[in-house]
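Have the sequence and the 3D view ready, and look up each residue as it comes along.

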Amino acid sequence: MLSIIHNDHKNIAKLLNVLTDKLARIKLEEGVDYRLVRDIVNYLQTYSGKFHHPLEDSIYEYYLKYRVVDDSVANRLAQEHHNLEQISSELKEMIDSILLDAIVSRDDIIEKLDQFVSLQKAHLNYEEGEILPAIKASLTADDWRQLEQNWHHDPQDDPLFGRSVADQYKSLAKRLGL
């Protein structure tokens, strides 16, 4: 299960690199394909909300139930997932406005996209640097068997990086060279 999360994090990092490039282009007042930006944000929001964060949450809830963890640590992951969902929705709404030819300040899109990328990267670093190593060191083979019995998601069903690309992400996959 941790390998699924690590793989997801690698894929998310690839997408964040694309967004970082787009952010730099916006700052330089160069043209940006906002449909591509929207597709990445939509994928991150949808996949994270349906599969990635629920997997992390199920492992983390189990970990918290059976291991002693400081309260500030215990609440941080859920709060970060909530914050990421909120910023994703705000950014997607802003990009949708741009795509509908609404006037959106360049400074506003720079601020929101920068906030989104920064929060995503900080979250990945927190999980990879602190949470996942603590979980890996703490949970036993029996714990993992218990967790796997309750999780029924095939990582090959990923609509962008899985065995087949969903129609809504075909353009994104092509642009990413997948």
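Contact here means heavy atoms within 4.5 Å.

The model is predicted, so to speak of local features pLDDT has to be at least 70, and side-chain atom pairs count only at pLDDT 80 or more, while totals for chains, interfaces and linings use all residues. Residues are numbered from 1 along each chain as its sequence is written, and side-chain values use heavy atoms, with hydrogens and water left out.

E80 sits in helix α3 (residues 71-99). Helices are DSSP runs of H or I with at least four residues, strands are runs of E with at least two, and both are numbered from the N terminus. Is E80 buried or exposed? E80 is buried, because its relative accessible area is 15%. The cut-offs go like this: buried is under 20% relative accessible area, exposed is over 50%, and partly exposed is in between, using a 1.4 Å probe and protein chains only.

Now hop over to helix α4, where you'll find Q120. Q120 has a relative accessible area of 6%, so Q120 is buried. Which residues does Q120 contact, leaving aside neighbours within four places in sequence? They are I12, L16, L84 and S88.

**How the helices pack**

Two packed helices are described by the angle between their axes and the distance between the axes. Axes are lines fitted to C-alpha atoms, for helices over the stretch in contact, and the angles run from 0 to 180 degrees between N-to-C directions.

Take helix α1 (residues 2-27) and α2 to begin with: their axes are 11 Å apart and the packing angle is about 155°. Therefore α1 and α2 are roughly antiparallel to each other. For the labels, angles under 35 degrees count as roughly parallel, over 145 as roughly antiparallel, 65 to 115 as roughly perpendicular, and the rest as oblique. The α1 and α2 crossing is left-handed, a label used if the near helix is turned anticlockwise from the far one by less than a right angle (clockwise would be right-handed). On the α1 side the contact includes I4, I5, D8 and H9, and on the α2 side it includes Y34, L36, V37 and Y47. By class, the residues of this α1 and α2 contact divide into 18 nonpolar, 2 polar and 3 charged. Nonpolar covers Ala, Val, Leu, Ile, Met, Phe, Trp, Tyr, Cys and Pro; charged covers Asp, Glu, Lys and Arg; the others, Gly among them, are polar.

Helix α2 (residues 34-66) also meets helix α4 (residues 106-138), and here the axes come within 13 Å and cross at roughly 25°. That makes α2 roughly parallel to α4. This crossing of α2 and α4 is left-handed. The contact of α2 with α4 has 11 nonpolar, 4 polar and 2 charged residues.

**Rings in pairs**

How many aromatic pairs does a search of the whole structure find? There are 6 of them. Rings of Phe, Tyr and Trp (its six-membered ring) pair if their centres lie within 6.5 Å; planes under 30 degrees apart count as stacked, over 60 as edge-to-face, and the rest as tilted. Here are two of the pairs.

| Pair | Type | Centre to centre | Angle between planes |
|---|---|---|---|
| Y43 and Y169 | edge-to-face | 5.5 Å | 90° |
| Y47 and F51 | tilted | 5.5 Å | 45° |

Y43 in helix α2 and Y169 in the loop between α5 (141-149) and α6 (170-176) are 126 residues apart, so this pair links distant parts of the chain. Both Y43 and Y169 are buried. Y47 and F51 both lie in helix α2, 4 residues apart, about one turn of the helix. Y47 counts as buried at 3% relative accessibility, whereas F51 is partly exposed, with a relative accessible area of 25%. Ring pairs link Y43, Y47, F51, F161 and Y169 into a cluster.

**Out in the loops**

Most residues other than glycine have a negative phi. E29, in the loop between α1 and α2, is not a glycine, yet has a positive phi of about 60°. E29 counts as exposed because its relative accessibility is 59%. D101, in the loop between α3 and α4, also has a positive phi, near 65°. With a relative accessible area of 69%, D101 is exposed.

Last stop: D167, in the loop between α5 and α6. D167 is exposed, with a relative accessible area of 67%. The C-alpha atoms of D167 and D101 are separated by 25 Å, and the two residues are 66 apart along the chain.
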